[in-house]
Amino acid sequence: FGDSPDEVTAAHNCTMKCVALCGAYPAYQLKTADLTVGALSELTVYNMRRLFAVQGSEFMDYSKEHHSDGGKNKKRLRLGLL
């Protein structure tokens, strides 16, 4: 999340997605952001899912992961995030 063109650029330089919040800068100066909203109340789950849709259908799905803890194999659920 950011509210300036420099923050949008910094996020993209780190290969991150950026949601820009209009405020100090108008929307046309934040056009390079992946998503621009006027207020956080405009941000919906649908918009966030669409933002990461290029990650594939398995993004944000629960998946099982096996870990070895002291010789014991345990199954854990993991949420695939950034």
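Biologist: What should I know about the numbering and the limits of the model?
Modeller: Residues are numbered from 1 along each chain as its sequence is written, and side-chain values use heavy atoms, with hydrogens and water left out. The model is predicted, so local features need pLDDT of at least 70 and side-chain atom pairs count only at pLDDT 80 or more, while totals for chains, interfaces and linings use all residues.

Biologist: Which residues form the largest nonpolar core?
Modeller: A nonpolar core is a set of buried Ala, Val, Leu, Ile, Met, Phe, Trp, Tyr and Cys residues joined through side-chain atoms within 4.5 Å. Buried means under 20% relative accessible area, exposed over 50%, and partly exposed in between (1.4 Å probe, protein chains only). The largest such core has six residues: Val8, Ala11, Cys18, Ala20, Leu30 and Ala33.

Biologist: Which residues are included in the second, separate core?
Modeller: Alanine 20, a member of the largest core, is in contact (heavy atoms within 4.5 Å) with Leu35 and Val37, among others beyond four places in sequence. The second core is separate and has five residues, including Leu35, Val37, Leu51 and Phe52.

Biologist: Why does asparagine 47 count as buried?
Modeller: Asparagine 47 lies in helix α2, residues 45-51. Not counting residues up to four places away in sequence, asparagine 47 touches Leu35 and Glu42. Asparagine 47 counts as buried because its relative accessible area is 17%.

Biologist: How many Å apart in space are asparagine 47 and leucine 35?
Modeller: Leu35 is one of the residues that asparagine 47 touches. The two are twelve residues apart in sequence, and their C-alpha to C-alpha distance is 8.2 Å.

Biologist: Is serine 4 buried or exposed?
Modeller: Serine 4 lies in the segment before α1 (5-13). Leaving aside neighbours within four places in sequence, serine 4 is in contact with Tyr25 and Leu30. Its relative accessibility is 12%, so serine 4 counts as buried.

Definitions and conventions
Helix = DSSP H or I, 4+ residues; strand = E, 2+ residues; numbered from the N terminus.
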